[in-house]
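Please open the structure in your viewer and keep the sequence at hand.

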Amino acid sequence: MNIRSAKEKDIPRIIELLGQVLQIHADIRPDIFILNTTKYTDSELQALLKDGRKPIYVAVNAEDVCVGYAFCQLQEQPFSNNMVPFRSLFIDDLCVDKAARGKHIGERLFEYVKQEAKRMGCYEVTLNVWAGNTSAEGFYEKMGMKTKERTMEYIL
C-alpha cells in the first residue's frame, strides 16, 4: 500500500468512498444527512485537487486503486489578544473502504497526515467526529487524539 496526493483518476473511487461515509452519517443523523448524495461532486473534487490549502491524500493498493482517503485543510489561527498564532491541519474527512478495514490503512493515512502537517509547520492536527460514530471516536483516540472542544446543539 502507498499513500500519495490524490489525482483526477482517483475521483470515481473517492466518490464511492464518500458515499460510504455519507451512509454512516445518515444512519446516525437522518435529520441532517441526505441519503444517496455525496459531500462533493466530480467538478468540486477537480477544483479541490488544485487547491494547495486543501490537500487530499489517498491510500492506494498495489494496482494503484484508491482504498482510502484523507481530505485536509490548512488553517491559520491569527493573532488575537488572548491566543498565539498557529497553523493547523484539519482533517475534514477520513475514510477507508469498508472492504479494506482492519488492515491498518486508516492508521497509515493518519500517520501520513501527521507527517505532512509537520512538514507544513503545523502546531496540530484537528478533526471533528459526529456524536454516535463510536468506531471513529475509538479509532482517533487510539491514534492519540484528545478532545479539544465540543460543539453542542439544541434542536428546536
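Begin with Asn36, which counts as exposed because its relative accessibility is 80%; exposed means over 50% relative accessible area, buried under 20% and partly exposed in between, with a 1.4 Å probe and protein chains only. The model is a predicted one, in which local features need pLDDT of at least 70 and side-chain atom pairs count only at pLDDT 80 or more, while totals for chains, interfaces and linings use all residues. Residues are numbered from 1 along each chain as its sequence is written, and side-chain values use heavy atoms, leaving out hydrogens and water.

Asn36 is placed in the loop between α1 and α2; helices (H or I, at least four residues) and strands (E, at least two) are DSSP runs, numbered from the N terminus. Although Asn36 is not a glycine, it has a positive phi of about 60 degrees.

Next, select His104, in the loop between β4 (86-96) and α3 (105-119). His104 is not a glycine either, yet it has a positive phi of about 70 degrees. Its relative accessible area is 48%, and His104 is therefore partly exposed.

Now display helix α1 (residues 11-28) together with helix α2 (residues 42-49). They pack at an angle of about 115 degrees, with their axes 10 Å apart. Axes are lines fitted to C-alpha atoms, for helices over the stretch in contact, and angles run from 0 to 180 degrees between N-to-C directions. The two helices, α1 and α2, are therefore roughly perpendicular, a term for angles of 65 to 115 degrees.

Which residues in α1 and α2 meet? Ile11, Ile14, Ile15 and Leu18 in α1 meet Asp42, Leu45, Gln46 and Leu49 in α2. The residues of this contact divide into six nonpolar, one polar and one charged.

Move on to Asp10, in the loop between β1 (2-5) and α1. Asp10 counts as buried because its relative accessibility is 3%. Not counting residues up to four places away in sequence, Asp10 touches Arg4, Ser5, Val58, Asp64 and Cys66, where contact means heavy atoms within 4.5 Å.

Finally, select Arg4 in strand β1. Arg4 counts as buried because its relative accessibility is 11%. The side chains of Arg4 and Asp10 make a polar contact (2.7 Å), that is, a pair of N or O atoms within 3.5 Å; within protein, one must be able to donate a hydrogen and the other to accept it, and residues adjacent in sequence count only if both atoms are side-chain atoms.

Notes
Parallel < 35°, antiparallel > 145°, perpendicular 65-115°, else oblique. Nonpolar A, V, L, I, M, F, W, Y, C, P; charged D, E, K, R; others polar.
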